[in-house]
Structure formats: structure tokens, C-alpha cells
2 protein chains.
Amino acid sequence: MPDTVKLAEYLFTRLKQLGIGAIHGVPGDFNLTLLDYVEPAGLQWVGNANELNAGYAADGYARIKGVGALITTFGVGELSAINAIAGAYAERAAVVHIVGTPDRSIQDGRILVHHTFNDGEFGRFAKMAAHVTVAQADLKDPRTSPEHIDFVLTQCLLHSRPVYIQVPVDMVSVPVAADRLQSELRLPLAEPTTYSDGVIEKVLEKIYQAKQPTILVDGESRSCGIVELVQQLVDVTGWPSWTTGFGWGLLDETKPNVYGVYRGRFDTPTVDTFIQGSDLVLFFGPHFSTTNSYNSTSVPKTEAGIHISHTEIKIGGQIFRDIPAKLAIAQILKKLDPSKATAYATPPDLARPHVESYTEALKDKPITQASFWPMASKLVQAGDILLGETGSASHGCRDFSLPQHVRTFLPVTWLSIGYMLGAAQGAALAQRELIASSQYHGITSARTILFIGDGSFQMTVQELGTIIRHRLNVTVILINNDGYTIERVIHGLKQGYNDVAAWRYLQAPSLFGADEGTFTAKVATLGELQGLLENDAMSKVEGFKMVEVIMDREDVPVGLMTWLLEKQLKTLN
Amino acid sequence: MPDTVKLAEYLFTRLKQLGIGAIHGVPGDFNLTLLDYVEPAGLQWVGNANELNAGYAADGYARIKGVGALITTFGVGELSAINAIAGAYAERAAVVHIVGTPDRSIQDGRILVHHTFNDGEFGRFAKMAAHVTVAQADLKDPRTSPEHIDFVLTQCLLHSRPVYIQVPVDMVSVPVAADRLQSELRLPLAEPTTYSDGVIEKVLEKIYQAKQPTILVDGESRSCGIVELVQQLVDVTGWPSWTTGFGWGLLDETKPNVYGVYRGRFDTPTVDTFIQGSDLVLFFGPHFSTTNSYNSTSVPKTEAGIHISHTEIKIGGQIFRDIPAKLAIAQILKKLDPSKATAYATPPDLARPHVESYTEALKDKPITQASFWPMASKLVQAGDILLGETGSASHGCRDFSLPQHVRTFLPVTWLSIGYMLGAAQGAALAQRELIASSQYHGITSARTILFIGDGSFQMTVQELGTIIRHRLNVTVILINNDGYTIERVIHGLKQGYNDVAAWRYLQAPSLFGADEGTFTAKVATLGELQGLLENDAMSKVEGFKMVEVIMDREDVPVGLMTWLLEKQLKTLN
């Protein structure tokens, strides 16, 4: 290895070492020279239609591969992406946001260049970014840049949250010391101590004492890096286990003791009573937003809960800091004597009844939310990625029984509609890379399936062009229910402001460059839906497909949304 | 008038009084109850496809009507729009950004609701907004809200820059004192003083002494509110007058002494020598970004310049504060004795030669940038709004000779590509409102014409749906030159990262809901272009139209862009 490399080479080599295979983003005049180094570093340049979508895509990619990156330009580009970065911060996606900035001489000289407020001030955007990132670097000194990059990337991985790196144009090709590149970045690992051993002992005591224990797996289990360890614990104990919406797909639902998403008071009374009646809920990677916890009703009662999270363990409300989840569960697994823990003779009968909704007699009936989701469940195969956009799609699809190794995206906390379309692009690309490098559980063929409402689809529609251009295996299932139904059931059921423009949705693939013959279909009756599901072309995972499903604007999936709808209907009477 | 009104009524009454007729934005659960009050207040709700576009549209609307507004929701919505707000700040568009926020009880209770970082902190987004707005209000106290609203709106108008108003859900319908509504907001006016009279005397001395005086009108003349007064001065003096790109259209170019856009060293030597040889340049509303000043080459030399701006006058480099442009020019006009000023016998012969590019012999030639713009010039009629998106479009269209009352949008400082499509929606709506209320110079029919490149078009394409849904008179002329040509000529002429996805652009109107029979056309040869320009359907201003013009990816308009291209070509040799 040479003594020095160019700064851009250093940065991209690090990204490559972290497992990043592709960088999202949009070119702009302050990042063009930086982009010269992307492909020579062995990274793919995606080239999104706009920066917000690029940010969403980098987030989706990061959630599948662990870390993602995007490059934007100073001011206009980075601010367009900032909502996506904020979402990655809220929901813990490790996104490296690299921004090309003006030459240091322009900044120091306070030149009134474009993409500024014409006042010689260049620091504002970094101040804004600091609110939504865990670490920041403005690479203006070749002497410190390598160490600074390493520090920032380490923070990104450690917290699984976005970071912000500014690269002035004239820094791109300056030589920097290359020696650090010889060893890959290593995250600081927590080692067991007398203190942590004591805490783990307390956890084990609780485990051995519990009469009706359960396990609840939330989405931060992924960012804690404990998904496989949690599955081991679920298998070893055989305890009844659920996920939250955020954690959905992290457990193997084909196991008899794994029951899908726990929905708090919107769940079946049997399930809700069982979990809230548990004297121990081992709660991994908890994420307590009201959306993810069904208005806090799925949070276990304090005295029963053991929360194992990024940096601490909480036992019955008492916090023990600086025991990261990875250390905690590794020690639990190591020290656990399963014979001393409660064993369920057979897994309790807590599964939701399987609804078989279609019969030939119903073929001319319009598609309803109640009938659609159980039927659509069959689309999902092992290894697929499933996205249910904020709105009725996200509530409907969680009725699916998941095959193995299906990763899901549901609204958790940030809930920026349109996110899922961008995220689908990034996730599908990550999925393809994992398959290509044989890191995908032995699965060699899979696709990304997006369920999305019309209002959300309109937000970020141009990213279909990126999906098509990169020939990603993405199937878009558009729920056309004539506007923002999720908003209607919250407020303004009949108000015009919840309408959206009337598009001819199935023309989208052609506009955005899809090959002639690309699969599209529009279904409005149950018979048409059944035909679609039996269509071989639909079952094939390769390439881009789009389906438009017509539903009523005031029809919603059973559960939280019907509860909201009923409240709205009462205000109208 | 009642003693109290609801807070939302107060706010919207104020907006209506300011001349706002329509509010842009996107519904979200924290702003839905607020939206209930929009139409009852006599305001139109636009309902954009996404928030960034809504922000662009509100900005475009504001530049035509003086002030605009948009409503977004907490976190996700406002951050998606923040790049548009930043652009309005940079280029002085008075945009009122209203954000619906969670109930005060949720905020005070630090509840972990969606659209937060799940940490009970509700103040981050306001801190971010403070960087890009001139005043902010978080309306949490019914006792102070009316005065606070008035203060913030006054700042918006005074600086012609965006402001930020947060309205918690539970504040929307609280009663507030109505008495202030009885008088409309009045901006503080500067009155002449002995000090200001002395400065104006200095200006008049310079005017009387000047041998070769000129006038230069920049875009902040609009936000200073002096456009008509400047025209009076141009008429009274008969002095040769130019605009900058930002100021283009603010002067009546049908007058013999008005010559269009001054392009610094990229202008004809005759023009450049004349202006730089002037011993007095009266420079109104200066805005010195490098883009707007052709890399600072169109800035008059210090000793000759008198800069009249928002708050001060600068004479030969010496600053006299607190003399706003409106006061300054009113006093100059009042005190000027034209007989004591240099009069040009006839306007100097400084007009650029009119290029007649089309002859029948050329009909099979491909369309080039050099041939296109002189031909396309004919499209623009009195009262039209002309937008030339950042890129080749913005450089090409400034060769047009403008009819009366044409307002233009060119890249000035912010240069966020995609802006112009959103801005076209807002501008066209403002134009329609002005025509409908007979406030449009007696013009009863006009349209908004957008020239935009393919890369920019992809950024914000979904706003075509809004243009179509509201039946706005917008003609989109898409320059399809296969990627980001503006970036290619800056860096990476042959690089793949300057490519964009290959769309079938003319399918866009149909996807986005245009009536069957909506006018579309694709032209690649000069004969086809000529046919288009002679087509009656194209000349009609009503409704939506779209034209795709095919040009070469390495062809650019003569001037700054050819200079850049030549530099790029040299790096390749």
C-alpha cells in the first residue's frame, strides 16, 4: 500500500470495507470531482432522480446491508435530503451522508457563490445537519482527515444512525496518509465486567423465576446487531415470542412459538391477555414510539419487563447503563441453563385464525381491505423484502404469515409518506448485492414487494425510473383508494384537502422507461385479484412489475384504523 | 366584528388581507384541523404532491403576487420543504411557512409520538427553520398569538423572506382577540430626514455630473417594491438601461433605451465596454451572487456605482444605512431636475443583433441551442411568465426580446434544480388570480411557459399533476439533451454520473391526469420546430401543453456555457 492516497480514495475505500457496494445520490457541481472516484473504488453509482429519494434509498439500503451512503451537493442537495436523514436518525439506519462543498478558498474568502444565502456564510447547513446526525466532519485538513473519517464512520455504525461528512472540492484529491486503511474499522466492543456479570445474574434470576415468560422483539434489535442471537434464545427457550411492527420479520415465523406482530389492545384478547399477563417479557431492542407500540398499549407492564437495548438494560424499571445489547444477550445465552427455565409443553394456541377469504362465488365482489390482505399474503416468498407504506397498506400487510428471511419495512416513528418507494429502490439493490455475493441465507432469487397508497406514491414517484434503470426486482402494488385514507380516518373524512390528483397510475412504468411488455395489471374485483395471484408472470420475481388495486376510500384494515374511522364517523353524526 | 375569533381564523384572515388567494401544501395529521379553516376563510387549498414542490410553488406564487403561503406537517413535512424555504430566503421570496404541530399537552408531556426522534424533544425542527427564515412564532399562548402573528408577517413582507409559524393542533380553534384584524397590517415606512436628504443630494450631484450614465436593475428591486419607480426613472432620464438575470423582465424592454440582460464579460464587447466605461451606474436592488453577476464581471466598478438596496445606499463604496430603496428612489424622482442630467440624443446602438435563424433550406437540420432560442422567442406574449430552469434553458432563453409585462424566473443564487417546475405551478396560479381580479395590466389572457432540462424535470415531475388538476395555463418545453448538460460542462463531460434515467417524457401528461387530446409534441429538426411554432394549438394560452425538444448532450447556448464547455474539452485532450 502506498504511503498516501487521495482523500476521496481513502473515504471510498473505507465505505467499501464496511460492505457498501453502491452509493446513492445526485450529481451537483460541488460533488462532481468526488464522483470521479466512486466507480474506480469498486462502488456502483446509483444516480437518483432527486436527493430526498436518494436519502430514502440509502436508508433502505442501510437497513438491509447494515450501512449505506449518499452523496449530495452543498445547500440545495443536502437540504433536499435532510428529511430522509432525519428519518434514518429516528429509526436507526446507518447512513453516511457525504456532501460536496465549495473550495476552501471560496469558503475562507466568503465568496458569494451559488447554493449560499449570498452572504458569505458557509456554516449554516452543517448546523442544521447536526440536529439529525450523530457525528459530523468537515474535511478541511489533510493531516486529520483520515482519523476524522474513521471516527465519524465508527459513530455511524455504533449508533446505527446517520453521519455527515463535508468534502470541499479542493480536498477531493489531496494526499492523505494511507496507513490506517491497512486495518479495517473495528467497533469498540464491550467486555464482561464484574458489574455486567452481576446484572446478567439478575436477568437470569428473573428468567428462572418466571412462570409465564414471553419474548418481544423490537426493531432496534437489528441496529443492536443481535438478531441471530435473539433467534437462538427464542429457539432455546421455546417461549412464545412476538415482534413489534418495527421488529417484524426479524424472527423466524415458521417456528411454532413465533406469532407475528403483537398489537397491544388492538390484538385479539387472547394474545393481549397472555402478554400483559406475563410475569416476564424479555424485550429486545425496544423502540417506544406511539405508532410502533399501538399508542403504548403493546408496552409490557414495567414490573414484568426486561429491556435490552443499545447501551443499557432496564429490569423492572431500574436502569443499568453501559451494557450493550450484544454483550447482554451473548452472556445470557452463554450462562443460561435452559433446564432451570419454564418450558411450555407445547407452544400455546395463540395464533390468529387463518382467514381464507376467496371463493368463486365472490368473484364479482369489489376488493375490500378485509379480503385483500389475506389473499395477497401468498405473494411473499422466502427472502423477499416487504414494504408496507404508512397508511392502510402498513396495517393490512401485517396480517401476512411470513416465510423465512423476509425483511419488512413498516411505519415506525418517522412516518414520512413516500419514503417506502425510495427505500424499496435501496433495499432491492442491497438484496441483489447480498444474493450476488452469496450472503443471503442460501437464497438465490428474491424480490422486493412494495404496498403503497396513491397519496404516498405521488410523493416520490420518479424513483420508479431508478428502479427500472437498474433493473431491480421490485413489484409495486398500488392501493388506489382515491386520496389520503389514513388522513381521512384521522380527521376530515369528507374534506377535499384529503383528495389527491387523479392519475392514470399504470402508465407510470412506461413513462419511467420500463421495457415494453413490462407486467402491469389493474384489479377491482376479487375474481380479478385471484386471477392475478394465479398468473405465472406475477409470480416471477425478476424485473419490475406494477399492479393497481382499486379499493373504497373509506375502507380500512381491521384494527387501529377501523377504531380511528369509527371515531371520525361519530364526529359526522 | 366579534370580540374573539379562532386562532386559525385570525391567521387566515391576515393572509387574505395580504392578498394571498391560495395556500400550497400537503395534509398531515398535525395540520388537518387547521386545513378545515382554509376554504371557509376564502382561500383556495392547492394540495401539492409533496412538500418540497409545495414550497417551490409557494415561492413562485410569492414572486408574482408579493407573498405566498404553505402549510406542512411537523417534522416530515416541514423538513421536506426546507430546501424550498432556503431558496426563498436566498432570493427573497416572501413565503409564510405554517406548520401544524402536536398538541401542547403532547409536547409538554414529552410523549413519544410519530414525526419525532422518539426522545421527547420537540424543538429541533424550529431550530433548523431559524437558519432559513427571518422570523418565527410558536403559537402556544392565545393571549399573545395575534400580536406574534402580526409581527412575523410584518417581518416577512419587510424583508421579502420566509417566516415560520408553528400551530399546535389544540391551538387551532382557541379564541383569540379579534380587534387587531380591524386594521390591515401596515409596514413601517421610512420618512425623509435631514440625513437622508443629504444622501439623496449626493446621489443627485452624481447624476448631474455623469457624462455616460447607465441604469442597472437587479432582482431585489422587486422585493424592495420599487419596480414601477425605477421604470419611471428609466423613462425620465432616457438613460441606457439593463437588467441582471435576476432583474430580467422588471423593465419594459419595448422601450428603446432598455437592452435586456447585461452579461458582464460574456456580453458583446460593445455593451461591456459601454457599461464598464460608465462614470455612473445607478444599480437598483443589487444581488451579487457569482451566478447572477457572471462571476462578478457584471458588477459595475466601485467608483461609478450607486447601489440602492433594501436598507441602504452605497455611493462609490461608501455605505449610508437606513435609507430603504423605496424612500431613496421616491426622493430621487421627486427632486430630480432632468434638464440638469445628461441626455442621450438618441438611445445608443447597443442592442444585440436580431438573429433570424430559420429558413426552409434548414428544415431537416437538427435543432441546436444556437438555432432554438431565437425561434422559440416568438412564443412569449405580453403578460406571460417565463421560467428558464438552471442549466442550458436559463442561458438560452435570456436571448429573448420580452414583450411588456413578462415576468421571468432565472437561476440567481439558490439554483436548486427542479425548482422551476414547482414555481411554475405557483406562478401560474398567481397569474390567474391577478387576471381574474383585473390587476394584471389590463391583460386578460396569458400563460406560464417553462423551459426545463430533462434532469431538472425528473426532480419534481409529479407537480404536473397539480398543474393539470387546477387547469393552469402552463406550457412545459422540455429540453431533452440526455442528462445533466450543465454538470457535464462543469465537470465530467463523458462521465456516467451525469446521465439520467431514460424516460418517455411525453407520456407524462397522460399519467398525471391530463385530458385526452392535451397538446403534446416532440421536435428534433428545425422544420418540426417551425411547424410547432406556426401551430395554432400551440399558440393558444389555455390549459396545459407539453413539448419535447431533442438536442445534443454536448450542445450549449453561446456565452458562459460555451466558455465552460471549452474548458472541459481541454481537460479531455
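Two residues are taken to be in contact if their C-beta atoms, placed from the backbone, lie within 7 Å. The model is predicted, so local features need pLDDT of at least 70 and side-chain atom pairs count only at pLDDT 80 or more, while totals for chains, interfaces and linings use all residues. Residues are numbered from 1 along each chain as its sequence is written, and chains are lettered from A, with ligands numbered from 1, in the order in which they are written.

Setting aside residues up to four places away in sequence, B:Thr72 touches B:Gly25, B:Val26, B:Gly28, B:Asn31, B:Glu51, B:Gly77, B:Glu78, B:Ala81 and B:Val99. B:Gly28 is 44 residues away along the chain, yet the two C-alpha atoms are separated by 7.0 Å. B:Thr72 counts as buried because it has 30 C-beta neighbours inside 10 Å.

Turning to the pairing of the chains, the contact draws 70 residues from chain A and 70 residues from chain B. On the side of chain A that touches chain B, α4(A) supplies the largest share, 8 residues.

Chain A is superposed on chain B by a rotation of 180° with 0.0 Å of shift along its axis (RMSD 0.0 Å), fitted by least squares on the C-alpha atoms of residues with pLDDT of at least 70 in both. The two copies are therefore related as by a two-fold rotation axis. Within chain A, the C-alpha nearest this axis belongs to A:Met128, 2.6 Å from it.

Terms used:
Helices (H or I, at least four residues) and strands (E, at least two) are DSSP runs, numbered from the N terminus. A residue is buried if 20 or more other C-beta atoms lie within 10 Å of its own, exposed if 12 or fewer, and partly exposed in between; C-beta atoms are placed from the backbone.
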